[in-house]
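This report goes over a barrel, its packing helices and a metal site. Please have the sequence and the model at hand while reading.

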Amino acid sequence: MNIIKSSVTSFNSIEFIVDDFDHFIFANFIVKNNNKILKIKSSKVNINKIIFTLEATIDIKYDCILFYDENIYSKCNYLKLFSSKEFNDKFYTDEKLGAIYNKNFTQFKLWSPVAEKVTLLIYNNGDITEPEKPKRFPMDCKNGLFNITVYEDLKNKFYTYEVKVYEQINETIDPYAISCGINGQRGAIVDLSDTNPDGFENDISPKTINNFTDAIIYEMSIRDITKNPNSGAFHKGKFLGLCEENTKSTIKEPTGLDYIKNLGITHLQIMPMFDFSYKSTDERNPIDYNWGYDPQNYNIPEGSYSTDPYTPITRIRELKEMIQTVHKNGISINMDVVYNHMYGEKDNCFEKVFPGYYFRHIEDGTLSNGSMCGNETASEMPMMRKFIIDSVLYWAKEYHLDGFRFDLMGLHDIQTMNILRNELYKLNRPIMMYGEGWDLPSSLPSELRASKNNAEKIPEIGFFNDRIRDVLKGNVFQKSDQGYISGKENLENEIRICVRGSIKNDGSFVSPIQSINYITCHDNNTLWDKLILTNGFEPEDVRIERQKFSLGIILTCQGIPFFQNGMEFLRSKQGIENSYNSPDSINSVDWDVKDKYIFVTDYIKNLIKIRKKHPSFRLSTLEEITNKLQFLLDVPRNVVAFTIKNDDKLEAWKNILVIYNANRNAVKINLPNLKWNLVVDKYIIDENTIETCTNNYTAEGISISILYSV
Ligand code: CA
């Protein structure tokens, strides 16, 4: 007989399975915990499971082992207990965790009900390669919360915790650390008031939006935006690079922030800028490129983007300076957050402090891996939920951020996201929340996931809309698959759904604020590279028409338009589909390309102006869309045309007509019986009217047209 699997299910019960049900003697079983034998009070059998109720309480700081004889035994797994309500009710704490600095004392608090002992280690140096004997402070523990107050001024010292847990001694950084030494291995004790650039207290988010549909999101990377030799920036690839004004390209045209500002977008979405793994990018010598979807410390800015990653306040101050400057230029900032997994299954601060608790597992005790990155965090565990909420609120308040983009949001649970939504509303600013709502193979039941399928249960959070992405350019996983903008036919109905913001009943969203309308982001080929795959047989100028056309659609569909940096000037990554660790030569923004295709940028810029000026393009509820937006039915094949009727005083254009013609040839459209002013055609954007039309209008091939009547 062998014990196959054994688990602790409550503080005084275990369950297990044996492989040979007919040949064992109940009386032979012994349960040992912390060198003591725990008497078995009662036993019962449930199908193939045996359940023991014990007389005493199991001490969870020690292994609980079930013996049959000297050779047959099994260590009981604690994961079921840790995820039970009983456990979390007993140990949950809403105390503020981390190192709380005061001039005369610093308080340290770390939560770990399973740690046998925790010692605070204080260092002068943040670099683990410098030999140094730390000062040691054993911490007190009360109901799973370790704490100590050190009555010294510890400003700018470094700290770690030495955690003794299940016979292992782990030295680790505090998950709540707000800064660190080089490569993020030791926490830093900082006085946050030292980290504010001049005037940061008065920095306020620019008033860019009232409704979330007013936003135009522009995704970029700190490194890519200024790393190219032709960016003209001094601090290339750094936070400070994005604060530089008057940077110029080879032919002396604006780059960086000045360029972005002219474009007219409202929100920058910045790819990971929290501290990502030093194994991806070594902060000592950051030659290796990485996007940074490898979280190491959630509440600390990335060191390789700072001019001095050894000095803990510098990375904070430089990021704040960047935010302040971007805000001054009238642009809001959304942070790309990656709470769904951590770099390294074992080598991370959560696992070293409390093994097992913060991650999801499947039945057999192995890690659930919906992220495809080796592990996935368990947002539904009350202390992980608290961590995510604390962390997002910290960034929103301390750094004045304006929105959060959740990587693999479908791995988070609905409850956590809705609590967070409410908490962010309390800050009285329109802080955006949206993310990737893919439904992934997680151990979290599908009905609890913050995925697109459950959009109704998280009605005020947005989702990357893969429907519009794929219908416009073709499937991202099939290289040669075309979409509406590249010549595939019979997609008119799909396009109509997207025009309405993919809202119900045909779409899955309850409101246009849920639809992040995009065609490419950092993942997969850039739009230009995809067009080379699908339409490489065409002359370049036809592909340019297609790219312009697709951006025009993104800007005129209901929902929230999203641009990948460079999409408006045909950015290419030389056909590299997944450039997460490709060199700067592939990833960095080539500003000379921008100058070459500035006529495309100018067209998009003028369309952005029109969208921002006319609320009809930014309806914020399902009802408004249903009442105001109507499709023209009598149109040629591959054409989608619609009117938006608006009697609102804010809207000068009473009736707007938008026409998408995906055919290569021009087509004649019968117009509704009004006098129409043409303001956008394939080549020109002129709000003072290009020409007036009645009865009919000829739309050029591969083009968007906008007309209005008063
Ligand atoms: Ca780092």
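The text below describes a predicted model, beginning with the barrel and ending with the metal site.

**Barrel.** Eight strands form a closed barrel with parallel pairing, in the order β18-β19-β22-β23-β24-β25-β26-β27. From one strand to the next, the twist averages 30 degrees. One of the pairings is that of β23, residues 403-406, with β24, residues 432-435. These two strands run parallel and are joined by four bridges. In β24, methionine 432 is the residue that stands opposite glycine 403.

| Helix | Residues | Lies across | Angle |
|---|---|---|---|
| α5 | 312-328 | β19 (267-270) and β22 (332-337) | about 140 degrees to β22 |
| α8 | 414-425 | β23 and β24 | about 155 degrees to β24 |

**Calcium site.** Which protein atoms are donors of the calcium ion? They are Asp275 (OD), Phe276 (O), Glu283 (OE) and Glu302 (OE), and they lie 2.2 to 2.4 Å from the ion. The spacing of these donor residues in sequence is D-F-x6-E-x18-E. Aspartate 275 and glutamate 302 are 27 residues apart and link distant parts of the chain. Aspartate 275 belongs to strand β20 (residues 274-276), while glutamate 302 sits in the loop between β21 (295-301) and α5. Are aspartate 275 and glutamate 302 buried or exposed? Both residues are buried.

Technical notes:
Residues are numbered from 1 along each chain as its sequence is written. This is a predicted model: local features need pLDDT of at least 70, side-chain atom pairs count only at pLDDT 80 or more; totals for chains, interfaces and linings use all residues. Side-chain values use heavy atoms; hydrogens and water are left out. Two strands pair if DSSP finds at least two bridges between them. Axes are lines fitted to C-alpha atoms, for helices over the stretch in contact, and angles run from 0 to 180 degrees between N-to-C directions. Contact means heavy atoms within 4.5 Å. Donors are N, O and S atoms within 2.8 Å of the metal (3.2 Å for Na, K and Ca); water is not among the atoms, so sites may look incomplete. Buried means under 20% relative accessible area, exposed over 50%, partly exposed in between (1.4 Å probe, protein chains only).
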